[in-house]
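Me: Hi! I'm new to this one and would like a quick tour. Can you walk me through it?

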Amino acid sequence: MKKIMELSNGVSMPQLGFGVFQIPTHEDAKKATLQAIKAGYRLIDTAAAYMNERAVGEAIKESGVPREDLFITTKLWVQDMGYEATQKAIDHSLARLDLDYLDLYLIHQPLNDVYGSWRAMEDAYDAGKLKAIGVANFENDRLQDLMINNRIKPMVNQIELHPFHAQFKRVQWLQEQGIVAEAWGPFAEGKQQIFSNPIIKKIAQSHEKTTGQVILRWLTQRGIVVIPKSVHEERIVENFAITDFELTALEMDMMSTLDQKQSLFGDMHDPETVVTLEKMHLDYDER
């Protein structure tokens with residue numbers, strides 16, 4: 001397994017990271033991030049919309065790990081789209097995280113003024129505020145259009161990826177374009193009893209590993225970056241311990257049979273979903 005992924009601009013990105021989505025309180029997010037860094041994670045993934053950038057920033061400072069050894073990602077929410085709004089949003093995220101630069105900055109959703117935001121991100125990249133730029137939740141056609149009409153190609157696309165939504169063709173296209181696929185929700189947020197799935201359990205037992213470790217290994221063997229989240233120290237440590245075993249070709253195929261070929265988290269092509277996201281205005285400094 002590759003422990004480091006090289007982005008198209010030469011920047012090195014850890015393949016195994018830690019996500020902080022849906023960690024409910026400032027103290028919980030800070031504590032979990034500190035535990036993750038202590039366990040060895042160097043990629044930390046947050047977002048303005050998660051409203052825990054300040055907590056992540058405090059954990060980074062308290063960890064004692066040199067800034068250059070960490071890879072910090074955050075994301076631009078829908079309400080901050082557009083050239084000038086994005087410039088301000090980047091500075092606000094840097095301030096909340098108390099950082100001079102971000103290793104990766106992503107457009108969180110393919111909505112609103114994507115092109116104005118992308119050009120602001122290109123300028124911030126040129127200025128050294130952002131070491132790499134990319135997107136999240138972009139279908140391949142939208143990503144292709146963005147690539148055609150802008151100067152810098154996105155380096156990462158963070159998308160829903162887990163055994164029940166494997167997205168083989170989508171990932172293959174991204175990799176052919178030199179764009180790193182990054183999995184959000186690698187455990188499907190526990191849906192459909194994923195941790196007790198009999199196929200995954202059988203594979204896990206053969207390696208004396210947990211089902212969670214098998215899922216992460218399956219994704220990383222496909223060349224995908226993963227950012228599992230947990231607030232439990234034992235699970236945080238466990239999720240990081242996936243480099244000492246390898247799934248066989250047969251086991252990879254067994255995992256592939258679980259693919260349901262549809263999202264478990266809603267349809268971005270549904271107009272009502274778009275309306276909901278566009279109306280979701282957040283006060284990032286409330287928590």
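Me: How many aromatic pairs does the structure hold?
Reply: This is a predicted model, and it holds 5 aromatic pairs. F21 and Y50 form a tilted one, with 5.0 Å centre to centre and 45° between the planes.

Me: Where do F21 and Y50 sit in the chain?
Reply: F21 is in the loop between β3 and α1, and Y50 is in the loop between β4 and α2. They are 29 residues apart, so the pair links distant parts of the chain.

Me: And is Y50 buried or exposed?
Reply: Y50 counts as buried because its relative accessibility is 11%, under the 20% cut-off. F21, at 36%, counts as partly exposed.

Me: Which residues do ring pairs link into a cluster?
Reply: Those are F18, Y41 and F240.

Me: New topic: what order do the strands of the open sheet come in?
Reply: The 8 strands run β3-β4-β5-β6-β7-β8-β9-β10, with parallel pairing. β3 and β10 stand at the edges with a single partner strand each, so one side of each has no neighbour in the sheet.

Me: Which helix lies across β5, β6 and β7?
Reply: That's α4, residues 114–126, running at about 150° to β7. Helix α6 also packs on the sheet, where it touches β8 and β9.

Me: Last one: which residues of α9 are buried?
Reply: I236, E238 and N239. Seen down the axis of α9, they fall within an arc of 165°, so they line one face of the helix. They pack against β3, α1 and α8.

Definitions and conventions: Residues numbered from 1 in each chain as written. Predicted model: local features only at pLDDT ≥ 70, side-chain atom pairs only at ≥ 80, totals over all residues. Heavy atoms only, no water. Pairing = 2+ DSSP bridges. Helix = DSSP H or I, 4+ residues; strand = E, 2+ residues; numbered from the N terminus. Contact = heavy atoms within 4.5 Å. Axes fitted to C-alpha atoms, helices over the stretch in contact; angles between N-to-C directions. Buried < 20%, exposed > 50% of the residue type's maximum accessible area, 1.4 Å probe, protein only. Arc of directions from axis to C-beta. Phe/Tyr/Trp six-rings, centres within 6.5 Å; stacked < 30°, edge-to-face > 60°.
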